[in-house]
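Please look over the structure shown here before reading on. Some questions and answers come after it.

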Amino acid sequence: MGFKKGIYMYEKLDKELVLSTYKRNYVEFMYGKNATLFSKESKEFIDFTSGVGVVSVGHGNEKVAQVIYNQAKKITHISNLFLNKSQVLLAQKINSLVGYNVGIFFANSGAEANEGAIKLARKYGNQTKNKRYKIITLENSFHGRTIATIKATGQTNFHKNDFAPYPKGFSFGKNIDEVMSLVDEKTVAVMIELVQGEGGVNPLERKKVQKLSKFLKQKDILLIVDEVQTGVFRSGEFLASKLYGIKPDITTLAKGLGGGVPIGAVLSRRKDIFSIGDHGSTFGGNFLVCSASLEVLKILNKYKKSGNLEKNIKYFNKKLDKLLEKYPNLFSKKQGLGLMQGLRCQDNVSASKLMQKAFKNGVLVLTAGQNTMRFLPPLTITKKEIDKGFKRLEKAFQ
Ligand SMILES: *Cc1c(COP(=O)(O)O)cnc(C)c1O
């Protein structure tokens with residue numbers, strides 16, 4: 001009874017004091033270890049969401065915690081007006097993982113990283129003789145919640161009149177061919193996700209993406225790849241664009257980059273566009289987040305090099321294939337890349353109802369557009385945790 005009352009009180013306060021922009025589940029998690037979470041009632045959950053692709057190295061990661069503690073004792077923040085060694089080291093690490101040369105701007109989130117990319121592209125376009133400013137995106141994309149990134153998001157239900165007017169110069173195409181046909185003399189950039197996350201875990205076709213990349217290069221139009229969800233080893237490679245065989249002009253990162261601390265990044269192959277005063281952020285890339293992120297990248301790079309990431313991807317996908325095979329009445333297909341996977345639900349089945357069933361049985365999963373159950377486990381999830389999670393899912397779906 002005591003527990004119930006406590007939760008009730010905070011639920012009530014939450015509803016009273018925090019603006020209601022989220023449909024919340026009122027479970028109270030107390031702590032976690034890798035892909036396992038414990039609620040206030042000591043109930044154990046297997047986390048196949050990693051906080052929407054954020055906690056890439058698992059909950060309660062000791063190494064990251066130690067780095068955060070050590071850094072916090074020294075300096076957390078001194079503004080971007082002074083040299084920050086952690087930021088330089090992180091930029092160097094990202095460069096070595098990308099494998100080609102990029103200049104980096106550090107932001108605090110995915111939407112902010114995309115805003116930075118949009119500003120960079122717009123400045124580039126304004127320097128060309130046509131004063132180009134138009135940016136084309138794809139249907140079912142998701143690029144963020146700021147006014148510009150809502151408009152960049154290729155889903156009209158996001159473009160609510162409540163927030164109008166929106167900035168001009170954004171349009172979206174149904175598919176890559178339509179995107180190419182929308183290009184005109186005012187187009188400066190095309191922005192895509194290689195696997196659309198929120199839109200339903202839809203991977204783009206490799207050949208089509210390569211065709212687009214070539215087409216844009218010929219026309220001197222920038223290709224921006226939003227890897228906020230697909231990036232930082234989620235696909236099995238540091239960048240999903242490596243799997244697609246492309247080198248975008250601009251790549252954005254966030255979610256998994258900090259393992260839980262808020263950080264975003266704009267990676268630009270064009271280093272000569274932004275000049276002093278063009279962009280900035282108070283918090284962006286401070287000592288705390290950069291030292292944490294550097295540790296996250298060290299852990300994940302080791303994990304990849306040891307072959308463990310590949311093993312995890314194979315094992316998790318084998319389990320998903322089995323689930324799909326066993327429940328054809330629930331799911332029609334599986335799609336995704338690496339540890340970013342979706343099970344498309346049959347028309348008469350609701351992904352959010354399945355998510356609730358999974359939750360009741362001690363597994364956290366996500367949903368995504370087009371009635372899809374979405375899986376984004378920590379990349380460091382153990383075989384034992386995977387087994388436990390799938391056993392519970394089977395129980396939930398019976
Ligand atoms: C989550 C996400 C964003 C927005 O990131 P925020 O950190 O919530 O601002 C942008 N693009 C993609 C592809 C995402 O998955």
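This is a predicted model: local features need pLDDT of at least 70, side-chain atom pairs count only at pLDDT 80 or more; totals for chains, interfaces and linings use all residues.

Q: Are α3 and α10 roughly parallel or roughly antiparallel?
A: Helices here are DSSP runs (H or I, at least four residues; strands are E, at least two), numbered from the N terminus. Axes are lines fitted to C-alpha atoms, for helices over the stretch in contact, with angles from 0 to 180 degrees between N-to-C directions. Helix α3 (residues 62-74) and helix α10 (residues 287-305) pack at about 155°, their axes 9 Å apart. Angles under 35 degrees count as roughly parallel, over 145 as roughly antiparallel, 65 to 115 as roughly perpendicular and the rest as oblique, so α3 and α10 are roughly antiparallel.

Q: How many nonpolar residues does the contact of α3 with α10 have?
A: Contact means heavy atoms within 4.5 Å. Residues that make it include Val64, Val67 and Ile68 of α3 and Phe287, Leu288 and Ile299 of α10. Ala, Val, Leu, Ile, Met, Phe, Trp, Tyr, Cys and Pro count as nonpolar, Asp, Glu, Lys and Arg as charged, and the others, Gly among them, as polar. By class, the contact of α3 with α10 has two charged, two polar and nine nonpolar residues.

Q: How is α4 oriented to α10, roughly parallel or roughly antiparallel?
A: The axes of helix α4 (residues 85-98) and α10 come within 8 Å and cross at roughly 30°. α4 is therefore, relative to α10, roughly parallel.

Q: Which residue has a polar side-chain atom 2.7 Å from a nitrogen atom of the ligand?
A: A polar contact is a pair of N or O atoms within 3.5 Å; within protein, one must be able to donate a hydrogen and the other to accept it, and residues adjacent in sequence count only if both atoms are side-chain atoms. A backbone N or O atom of Ala111 lies 2.8 Å from a ligand oxygen atom. The side-chain atom at 2.7 Å from a ligand nitrogen atom belongs to Asp226.

Q: Which peptide bond is cis?
A: Most peptide bonds are trans. Pro165 is found in the loop between α6 (147-152) and β6 (170-173). With omega near 0°, the cis bond runs from Ala164 to Pro165.

Key: Residues are numbered from 1 along each chain as its sequence is written. Side-chain values use heavy atoms; hydrogens and water are left out.
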